[in-house]
Amino acid sequence: MTSLSGAALLVAEMVALFLGVTLAVTLLQRRLGDATIRRWMGGPPRRAALKGIAVGFITPFCTYSAIPVLLGMRQAGVRPAGYAAFIFAAPVVDPVMIGVLAIIIGPAGAVVYVTTAFAAAFLLALIVDSVDIARHLKPVPALFGAPAPALAGTAGPHTPSPPTSCSDPDGVPWAGWRSELPTAWRRAMTLLRSMAWLIAAGVGVGLAIGLLVPTGALAGIAGASNPLAVPAAAAAGIPLYFGTELFIPIGDALHAKGAGTGAIVAPVIAGSGANIPEFALLTKIARGRVVAVFFAYVFVVAVTAGLLTDLIL
C-alpha cells in the first residue's frame with residue numbers, strides 16, 4: 001500500500017468513525033435526556049473531573065471522534081470540569097497506546113505515563129472549571145433538540161450556556177430507535193459536512209509530516225546525547241497525527257537509537273494531545289487563545305512526563 005493510499009484509507013476511517021460516534025451520541029442523548037447526562041457527569045468539580053477522565057479512558061477516541069462527545073456534553077449542560085477532563089484524557093489515556101508503550105519502554109515507564117496524564121487531565125479540569133470559559137467558546141451546531149438549563153448545584157456559575165441553534169423543542173418524547181434514526185443521521189451528516197474539510201486537511205498534514213520526516217531524524221533529535229532531548233522530542237511530536245499505527249515505528253526507532261524513555265514518552269503525549277489535526281478541529285469550537293493555551297499546557301505536560309520518567313527510571 002502506498003503512502004497516498006494509506007493516508008486516504010486513514011481519512012476514510014476517521015470520517016466513518018466521526019460519523020458513527022456522532023450518530024451514537026445523538027441517539028443516546030435523545031434517549032437518555034440532558035438531565036440524566038448532567039446527573040451522571042455532575043457533582044463537585046473534582047468528582048466531575050474524575051467522571052470525565054473515566055469516560056475518556058473507556059472511550060479511547062482520537063480527537064476527531066471525541067469532538068462529538070464533547071459537543072454532546074456541552075449541549076447537555078455538563079460542567080466544564082467534566083468535558084475538559086474528557087477532551088484531554090480521551091486521546092492521551094488510550095489503553096492501546098499504554099499497552100504499546102509498556103512493551104517498548106517497560107511497565108514502569110507506562111505507569112509514569114498514565115499517572116502524569118491522569119494528574120494533568122484532573123488539574124486542567126479544575127482550572128477550566130474555575131474560570132469563565134464560556135466567552136471563549138464558539139457556538140456549535142446542535143446535535144438535536146434544545147438543551148435543558150443546568151441543574152442547580154450541578155454546574156457552577158462559569159458553566160457555558162449550551163448552543164441554542166437547535167430546531168426541536170426541549171422535552172420532545174422519545175419516539176423509538178427506528179423513528180429517531182433518520183433525524184439523527186441527518187444531523188450527524190450536517191455536523192460531518194461542517195468539519196469534513198478540517199478532518200481531511202488535518203489528517204493529511206499530520207500524516208505528510210509523519211511520512212516525509214524520517215524516523216531516524218526524530219531519533220537523532222531525541223538521542224541520549226542531546227541534553228534537550230525531552231523538550232525537543234515533545235516539540236517534534238506536536239505536528240504529527242500520533243495514532244497507534246504511527247507511534248509503533250517511531251517508538252521502535254527511538255528505542256533502537258538509544259533514546260531515553262523520557263524522550264519516548266514526551267512525543268506520545270504531545271502528539272496525541274496536541275497535534276495539527278486536533279488544532280484544526282478545536283479552532284472550530286473554541287477561540288484561538290483557548291486553543292493556544294491548551295496546546296502550551298499539553299506541551300508542558302509532555303515535557304514534565306518525559307523528565308519524570310527519566311528521573312524515576
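Which residues lie nearest the centre of the largest pocket?

**Entry 1: the model.** I worked from a predicted model, in which local features need pLDDT of at least 70 and side-chain atom pairs count only at pLDDT 80 or more, while totals for chains, interfaces and linings use all residues. I numbered residues from 1 along each chain as its sequence is written, and side-chain values use heavy atoms, with hydrogens and water left out.

**Entry 2: the largest pocket.** I found Leu124, Val128, Ile133, Val290 and Phe294 nearest the centre, in a lining of 23 residues. A pocket here is an open set of points on a 1 Å grid over the protein atoms alone, where a 1.4 Å probe fits, with protein on both sides within 12 Å along at least five of seven lines; lining residues have an atom within 4 Å of a point. I noted a volume of about 530 Å³, a volume being the space filled by probe spheres set on the points, which are joined across faces, edges and corners. H14 (288–312) is among the helices that each supply at least two lining residues, and H14 gives the most, with six. Helices are DSSP runs (H or I, at least four residues), numbered from the N terminus. By class, I recorded 18 nonpolar, one polar and four charged residues in this lining. Ala, Val, Leu, Ile, Met, Phe, Trp, Tyr, Cys and Pro count as nonpolar, Asp, Glu, Lys and Arg as charged, and the others, Gly among them, as polar.

**Entry 3: the second largest pocket.** I read a volume of about 420 Å³. Of its 16 lining residues, Val25, Leu28, Val55, Val69 and Met73 lie nearest the centre. H1, H2 (34–41), H3 (45–58) and H4 each give two or more residues to this lining, and H1 provides the largest share, six residues. I recorded 13 nonpolar, three polar and no charged residues here.

Entry 4: I located Arg30 in H1 (residues 3–32). Arg30 counts as buried because its relative accessibility is 17%; buried means under 20% relative accessible area, exposed over 50%, and partly exposed in between (1.4 Å probe, protein chains only). The Arg30 side chain reaches the backbone oxygen of Pro173 at 3.1 Å. In H2, I found Asp34, Thr36, Ile37, Arg38 and Met41 buried. Just after H2, Gly43 takes a positive phi of about 105°.

**Entry 5: aromatic pairs.** I counted three aromatic pairs, with rings of Phe, Tyr and Trp (its six-membered ring) pairing if their centres lie within 6.5 Å; planes under 30 degrees apart count as stacked, over 60 as edge-to-face and the rest as tilted. The ring centres of Trp174 and Trp177 are 4.9 Å apart and the planes stand at 80°, so this pair is edge-to-face. Trp174 is partly exposed at 23% relative accessible area, and Trp177 is partly exposed at 46%.

Terms used
Polar contact = N/O pair within 3.5 Å; in protein donor to acceptor, adjacent residues only side chain to side chain.
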